[in-house]
Amino acid sequence: MLLTLLGAAAVQAEPVDLALVLAVDVSGSITEDEYQLQRQGYANAFTDPRVLNAIHSGPRGKIAVAFVEWSGLTSQRLTVDWTVVSDEESAGLFAANILAAKRPFGDRTSISAGIDFSMRQFELSGVTTDRRTIDVSGDGFNNAGRPVQSARSEEHTSELQSLRHLVCRLLLEK
């Protein structure tokens, strides 16, 4: 038993060029078409040769990425666990896992709770890096929880290299 514990302690986190959390809005304002479009867009991106070339351009040639879905104050989920993407196979697996997931919930919109949940995921990543980014996508305004500005200005977000918030206003023709 002691040898098992010592062996586990010797395991080191895998170094990567970037730890990326894709934080996706699944609140009630996201229609099913918009939900599918978000998922398909992320899956397509990770199987695009240009994205793989960008990943390979880093010193280590790999990144770690997680896919989080968020909605209200207590509605967040790590939908696709941390995956080290370094080649077509790992990128394809990550993309397939995004597409295979079922929509978890859809209530109010708490961008701040989504950011807080995403920040906690870095500690669970199993990787080391100097670059951490949360990419938040959504279609609305924060209507639950504390102000987004509070979540963005917290001490823990100061460790991020980037916190991007992309507001998607989609016009889908039926």
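Predicted model: local features only at pLDDT ≥ 70, side-chain atom pairs only at ≥ 80, totals over all residues.
Six helices and seven strands are found in the chain, and from the N terminus on they follow the order α-β-β-α-α-β-β-α-α-β-β-α-β. Of the 174 residues, 46% count as buried.

Strand β6, residues 132-138, gives a clear example of burial. Seven of its seven residues are buried, so the strand is largely enclosed by the rest of the structure. Arg132, Ile134, Val136 and Gly138 point one way from β6, while Thr133, Asp135 and Ser137 point the other way, and residues on both sides are buried. A neighbour of this strand can be followed as well: β2, residues 19-25, pairs with β6 in the parallel sense over six bridges. Within this pairing, Ala19 stands opposite Arg132.

Helices pack too. Two packed helices are described by the angle between their axes and the distance between the axes. For helix α2 (residues 32-46) and helix α4 (residues 88-100), the axes come within 8 Å and cross at roughly 170°. Angles over 145 degrees count as roughly antiparallel, and therefore α2 is roughly antiparallel to α4. On the α2 side, the contact is made by Arg39, Gln40, Tyr42, Ala43 and Phe46, which meet Ala91, Phe94, Ala95, Ile98, Leu99 and Ala100 of α4. Sorted by class, this contact has nine nonpolar residues, one polar and one charged.

Finally, the loops deserve a look. Gly28 is located in the loop between β2 and α2. Is Gly28 buried or exposed? Its relative accessibility is 55%, and exposed means over 50%, so Gly28 counts as exposed. Leaving aside residues up to four places away in sequence, Gly28 touches Gly106 and Asp107. Gly28 and Ser71 are 43 residues apart in sequence, yet their C-alpha atoms are 7.9 Å apart in space.

Conventions. Residues numbered from 1 in each chain as written. Heavy atoms only, no water. Buried < 20%, exposed > 50% of the residue type's maximum accessible area, 1.4 Å probe, protein only. Helix = DSSP H or I, 4+ residues; strand = E, 2+ residues; numbered from the N terminus. Pairing = 2+ DSSP bridges. Axes fitted to C-alpha atoms, helices over the stretch in contact; angles between N-to-C directions. Parallel < 35°, antiparallel > 145°, perpendicular 65-115°, else oblique. Contact = heavy atoms within 4.5 Å. Nonpolar A, V, L, I, M, F, W, Y, C, P; charged D, E, K, R; others polar.
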